[in-house]
There are 2 protein chains.
Amino acid sequence: MKHIEDMAAQIRAGDRRALARAITLVESAREDHRTQALALIDTLRVSAPQALRIGLSGTPGVGKSTFIEGFGLHLTGQGLRVAVLAVDPSSTRSGGSILGDKTRMDLLSRDPNAFIRPSPSQSHLGGVARRTREAVTLCEAAGFDVVLIETVGVGQSETMVAEMSDIFVLLLAPAGGDELQGVKRGIMEIADLILVNKADGDLKPAAIRTQADYTGALRLLRKRAQDPKGFPKARIVSALTGLGLEEAWQDMQTLSDWRKEHGHWDARRKAQSVHWFEQAVRTGLLARISADKQASAAMQALAQDVADGTLSPDRAAAKMLDSLS
Amino acid sequence: MKHIEDMAAQIRAGDRRALARAITLVESAREDHRTQALALIDTLRVSAPQALRIGLSGTPGVGKSTFIEGFGLHLTGQGLRVAVLAVDPSSTRSGGSILGDKTRMDLLSRDPNAFIRPSPSQSHLGGVARRTREAVTLCEAAGFDVVLIETVGVGQSETMVAEMSDIFVLLLAPAGGDELQGVKRGIMEIADLILVNKADGDLKPAAIRTQADYTGALRLLRKRAQDPKGFPKARIVSALTGLGLEEAWQDMQTLSDWRKEHGHWDARRKAQSVHWFEQAVRTGLLARISADKQASAAMQALAQDVADGTLSPDRAAAKMLDSLS
């Protein structure tokens, strides 16, 4: 496909419009688009440079956009090229946040060394995952040094982003010590770095306390083979004043250098690829089954029984599954 | 099954131990347990009374446990029987929060008119959904007036809980107006009632501002057929002082009475049942495919190619899906 080879060459040459078009291509579910997207990824992944993939999670209110803007500008100020990909599987009905991602990161979005791609309006978590993984590959081929993958919430999307990142960062707001219990161990255990934001003005003492609380909590967790001494760690930052941004960046580099040296970096990327292969197979199988006409008819009849209250949802499902065996 | 009929009779008679045992049974994935659980649900759903199913979501730090304790005691104080079911699909690695749910709701857990069931340590969202739906049915059969289904986060688990609730409540902490943009429209659109907690002491002015902000934001959303005038609405509450708890309860009753009168209550429950039937079929199909030996072998070979970097995860998945057709 000549068209695909041209696109690949443009992306490798750093053409931002080509990159944006390519991400739109991988976001599409149309069959011909999927064929092209797979071919494009096949072409680009050969000898593509590796970016540092940083997963970043923070619930609404922690100042995530402000942090990404401040941190992103800090990196581009050092001559690094930064791509930001948003993952938001929660916007099931109308898609996207009330304000778009770009308007929330005004300076960074106008920086020639930065590339911000808002979350597509798509409800299907599997689709979001594939799109984001492929977009990461595209950004790496385009020569970005850092790919930030940001997500909201503490549910499945956090785990998903961790599964496609080299380093996972949890951004928190200052809080009272009694709120510590609210963070789940599952999330604590995937975090490599906890950053307590808003460590400025009146909130600074609370931020320091929160940092101390999480430092203590991290000690309760078992040591992971992939962590050098002192990690995972918690530190305070202020996106507003710039406090701690350089130190956080140093931490990320220390962590990634150590993991590369000790073989954990490669092992982690391999395991992640296998995980996503298995996920992609599952998603594909489900798409096929829902396209089967006889099965669809049986589904409809049983759905009617469920709606009428004749059968419980699970009893009806058991009948459906029996009919397929 | 005599055993199942006995258990059903005990649950209907209000035996809490039988209820707890039955929830353990529906949580099990063992095939004989599934058969028994389906039979139990078939027995109990016949002429079971309908509880008010309230979905409640709030991220860590909003004071959710304190709210549930305060609100739960407010309801039991009126002679109502309240069951609390926790849904937490985020604890993927080690399961459960650092402190158990019951220790966070000390008074309510000792109230004879309350029943609190912590989230099981289970990572699979589909499994959590089925378990919770079936537990709701068991609690309704046991005669609880209110079933509170609580969840954390803003991801898929929130949508899941909304899909099994009559009313969906979003609990928030007081925040500055600039943080309003952080709440996704998707979540705003499934919320029937937004409660701004911690409206006491120093935080009260901020809570009032937050309430005003969300009241304004709710006005931006299109009107839903299932809402009476004035809904969805935002109000301030304090789990600490009890402020607004009775008003919130009145709101929930107004809403559910109106929906029952206008046919939306039944329509919603029917649509939910059909949704869960379809989900249960999908989950069951996937379980089968992963048990197929030939497919497993092909999967393993392709996974090796992915790990070696020979194939991209999605190219390998495409090959796998082709081999199955």
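Here is a short tour of the predicted model above, from the overall chain to a sheet and a few residues.

This is a predicted model, in which local features need pLDDT of at least 70 and side-chain atom pairs count only at pLDDT 80 or more, while totals for chains, interfaces and linings use all residues. Residues are numbered from 1 along each chain as its sequence is written, chains are lettered from A and ligands numbered from 1 in the order in which they are written, and side-chain values use heavy atoms, with hydrogens and water left out.

**Chain A overall**
- Chain A has 14 helices and seven strands; these are DSSP runs numbered from the N terminus, with helices being H or I of at least four residues and strands E of at least two.
- Of the 325 residues in chain A, 55% are buried (buried is under 20% relative accessible area, exposed over 50%, partly exposed in between, with a 1.4 Å probe and protein chains only).
- Contacts (heavy atoms within 4.5 Å) in chain A between residues at least 6 apart in sequence join residues at least 24 apart in 77% of cases.

**Cysteines**
- Over all chains, the structure holds zero disulfides (a disulfide is a pair of cysteine sulfur atoms within 2.5 Å).
- A:Cys139 is buried, at a relative accessible area of 0%, and B:Cys139 is buried with 0% relative accessibility.

**The sheet in chain B**
- Seven strands of chain B form an open sheet with parallel pairing, in the order 3-2-4-1-5-6-7 (two strands pair if DSSP finds at least two bridges between them).
- Strand 3 (114-117) and strand 7 (233-236) of chain B are at the edges with a single partner strand each, so one side of each has no neighbour in the sheet.
- From one strand to the next, the twist averages 20 degrees (axes are lines fitted to C-alpha atoms, for helices over the stretch in contact, and angles run from 0 to 180 degrees between N-to-C directions).
- Strand 6 (residues 193-196) of chain B runs parallel to strand 7 of chain B, joined by four bridges; B:Ile194 has B:Ala234 in strand 7 as its bridge partner.

**Two buried residues**
- B:Ile54 lies in strand 1 (residues 52-57) of chain B and is buried at 1% relative accessibility.
- B:Ile54 and B:Phe168 are 114 residues apart in sequence, yet 5.9 Å apart in space from C-alpha to C-alpha.
- A:Glu134, in helix 7 (residues 125-141) of chain A, is buried with a relative accessible area of 2%.
- Leaving aside neighbours within four places in sequence, A:Glu134 is in contact with residues including A:Arg34 and B:Asp314.
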